[in-house]
Amino acid sequence: MSMQIRTFEEYKAVYQRSVEDPEGFWAEQAGSFNWRKPWDKVLDWNFRDLDVKWFIGGKLNITENCLDRHLAERGDQTAIIFEPNDPNGETTTYTYRQLYEEVCKTANALHAMGVRKGDRICFYMPMIPQLAIGVLACARIGAIHSVVFAGFSASSLSDRIKDASCKMVICSDYNRRGAKNIPVKAIVDEAVAMGCDSVETVFVHQNTGEAINWVEGRDKWWHEQVDHQQPECPAEEMDSEDMLFILYTSGSTGKPKGVVHSCGGYMVYTCYSFANVFQYQPGDIYWCTADIGWITGHSYIVYGPLLAGATTVMFEGVPTYPDAGRFWQIVEKLKVNQFYTAPTAIRALMAFGDDPVNKYDLSSIKLLGTVGEPINEEAWEWYHKVVGKEKCPIVDTWWQTETGGIMISGLGGLSPMKPSFAGYPLPGIQPCLLDGNGKEIDGNNVEGVLCMKYPWPSMIRTTYGDHERCRQTYFSSYDNMYFTGDGARRDENGMYRIIGRIDDVINVSGHRMGTAEVENAINEHPKVVESAVVGYPHDIKGQGIYAYVITLEPVNDLEGFRKELLAVVTREIGPIAKPDKIQVVSGLPKTRSGKIMRRILRKVASGETDSLGDISTLLNPEVVEEIKDGAL
């Protein structure tokens with residue numbers, strides 16, 4: 001782990017060097033991996049046309065760096081610890097050698113079923129080891145994985161399969177989640193039936209063994225295809241810039257965007273950021289509670305930890321089943337050293353008080369981390385005092401699906417901590433704050449739009465099948481800058497605090513939802529004429545979803561209508577996007593050009609009705625009073 005920083009003084013020196021000589025710095029980090037062929041040039045970039053290439057001409061396979069290179073030294077070390085949903089179930093472990101063999105067998109099975117380099121494979125699976133194994137098996141043979149969180153609806157899944165023209169969908173029969181078994185294969189069948197003509201095979205892992213619908217010829221069992229395969233599979237040689245995976249993220253225009261990450265740069269950055277942010281030491285047990293359906297699971301359950309030769313925990317269940325002590329029971333049982341979760345989970349567990357935490361011995365924890373959204377001070381203090389016993393540093397990590405890895409954060413216990421501040425940029429990351437005119441704001445104690453003025457290895461390369469959309473979304477707002485969509489504050493010491501989204505995206509429990517996406521779903525209801533969705537502060541989720549709805553005719557049964565709307569949103573997107581509040585209105589505040597003034601709707605939803613600003617320029621200012629009076 002030569003890439004690991006050991007003191008805050010060293011961080012400052014390394015950071016300075018990374019900004020003065022980025023190419024030399026990243027070449028040095030990349031040098032600690034196995035490359036089939038070294039690169040000819042470190043970096044070529046142009047943000048205006050969005051053309052960024054790292055380690056140009058370099059050849060590698062990321063799984064050789066996750067698995068093969070560790071076999072000699074740590075073949076018998078545990079790579080993955082799997083903790084099942086049922087607390088009485090058996091903990092399963094895979095050593096690096098066992099994981100290597102399972103990945104090779106699965107890769108051989110995929111090959112036998114006709115999967116080739118460049119094919120897109122969709123995953124819709126529970127948090128079981130086969131999901132990590134399947135993802136690595138794709139990377140082994142050069143297939144491109146697209147993992148869809150298994151809480152999305154059939155319609156959302158279908159959109160993502162079609163957008164990437166996936167050749168195969170890999171799923172389970174059912175997912176175990178808390179007290180429920182969720183019929184995953186049935187959702188996949190429904191999704192594929194919505195015109196997914198590219199799908200040749202549905203590959204099913206027998207998770208619970210309950211009865212499922214079966215399509216002869218198309219459907220194949222995991223155990224029947226994988227178990228008899230050879231435990232060796234040559235890794236496909238990939239170019240540094242070849243596509244590694246696609247991961248869909250909510251767009252503000254409704255249609256989800258397939259964020260594309262490449263093999264070489266993503267490998268270098270996820271390993272570097274993992275080693276430094278979590279200050280992982282050999283022998284540590286590291287647990288990130290995210291789902292592999294999100295970028296956090298890709299970068300900090302699978303790739304980052306395995307590249308670094310770490311022991312990573314996968315948990316199938318939920319934090320409150322069978323009770324609110326479940327996380328802490330696992331920490332005690334596995335003697336977890338680094339624990340990484342979302343502020344939403346922390347706030348939800350806080351609501352149960354301190355007892356469920358205090359029941360367990362958490363003395364193994366050396367570091368606590370948060371991800372997905374800014375953590376509020378109250379939750380930070382509780383996490384620090386009650387869970388960390390005031391002995392553990394908290395790394396409040398800021399990053400995005402598009403950035404591939406953690407961008408701004410403390411480095412273990414080396415950096416100063418300040419509640420609700422993410423902290424300092426990692427080496428190689430060059431953030432800046434811009435004012436309303438797109439001019440960079442110098443100095444400290446300032447606030448502005450957060451942008452990046454220089455590329456980093458794991459950054460987004462394109463959105464699948466639509467390069468121009470990617471350029472427009474991230475690189476057209478400010479000249480020669482990557483636009484994060486977030487506002488931020490820099491304090492007197494240069495530490496960054498993320499203030500929140502400045503576009504039409506809501507952050508619900510760390511999951512980004514495009515307002516347009518939710519509106520499109522609500523508008524599917526036959527009684528709805530138009531809707532507008534905004535975020536508002538929510539005690540547990542960070543942001544809740546507030547929907548303003550115009551109907552064709554007056555609604556008599558409000559409760560029944562709300563239930564119908566929630567059902568439509570669940571069907572179209574998934575339960576995660578259900579509005580918390582639905583207000584039926586006769587009109588929406590619009591500008592004379594017909595644009596909805598969301599600023600006003602956000603203020604009303606947040607209860608800040610005394611500071612709505614000038615509404616005289618609206619087409620229909622009178623509707624504002626009605627909306628204020630009916631606010632929930």
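Analyst: Start with a charge over a ring. Arginine 160 lies over the face of phenylalanine 152, at 4.4 Å from the ring centre. To count, NZ of Lys or CZ of Arg must be within 6 Å of the ring centre and within 35 degrees of the ring normal. Lysine 418 does this too, over the face of phenylalanine 421 at 4.2 Å from the ring centre.

A word on the basis. This is a predicted model, where local features need pLDDT of at least 70 and side-chain atom pairs pLDDT 80 or more, while totals for chains, interfaces and linings use all residues. Residues are numbered from 1 along each chain as its sequence is written, and side-chain values use heavy atoms, leaving out hydrogens and water.

Now rings with rings. The structure holds 44 aromatic pairs. Rings of Phe, Tyr and Trp (its six-membered ring) pair if their centres lie within 6.5 Å; planes under 30 degrees apart are stacked, over 60 edge-to-face, and the rest tilted.

Take phenylalanine 149 and tryptophan 294. Their pair is tilted, with 4.8 Å centre to centre and 35° between the planes. Phenylalanine 149 lies in the loop between strand S7 (144–147) and helix H7 (154–163), and tryptophan 294 in the loop between strand S16 (285–288) and helix H11 (295–307), so the pair ties together parts that are 145 residues apart in sequence. Helices (H or I, at least four residues) and strands (E, at least two) are DSSP runs, numbered from the N terminus. Both phenylalanine 149 and tryptophan 294 are buried. Buried means under 20% relative accessible area, exposed over 50%, and partly exposed in between (1.4 Å probe, protein chains only).

Next, phenylalanine 278 and tyrosine 340. Their ring centres are 4.7 Å apart and their planes meet at 70°, so this pair is edge-to-face. Phenylalanine 278 sits in the loop between helix H10 (263–277) and S16, and tyrosine 340 in strand S18 (residues 338–341); the pair links these distant parts, 62 residues apart. Phenylalanine 278 is buried, at 1% relative accessible area. Tyrosine 340 is buried as well, at 0%.

In the largest nonpolar core, which has 121 residues, Leu99, Leu110, Phe278 and Tyr303 touch the most other members. Such a core is a set of buried Ala, Val, Leu, Ile, Met, Phe, Trp, Tyr and Cys residues joined through side-chain atoms within 4.5 Å. Leucine 110 shows the detail. Beyond neighbours within four places in sequence, its contacts (heavy atoms within 4.5 Å) are Val115, Ala137, Cys138, Ile141, Met168, Ile170 and Phe203. A second, separate core holds 47 residues, including Cys171, Ile187, Val204 and Ile582.

Rings also gather in groups. One aromatic cluster is formed by Phe25, Trp26, Trp35, Trp39, Trp54, Phe55, Tyr269 and Tyr272. Phe25 and Trp26 are among the buried residues of helix H2 (residues 22–30), together with Pro22, Gln29 and Ala30. Seen down the axis of H2, the buried residues fall within an arc of 130°, so they line one face of the helix. The arc is that of the directions from the helix axis to the C-beta atoms. What does this buried set of H2 pack against? Its partners are helix H1 (8–20), strand S2 (51–56) and H10.
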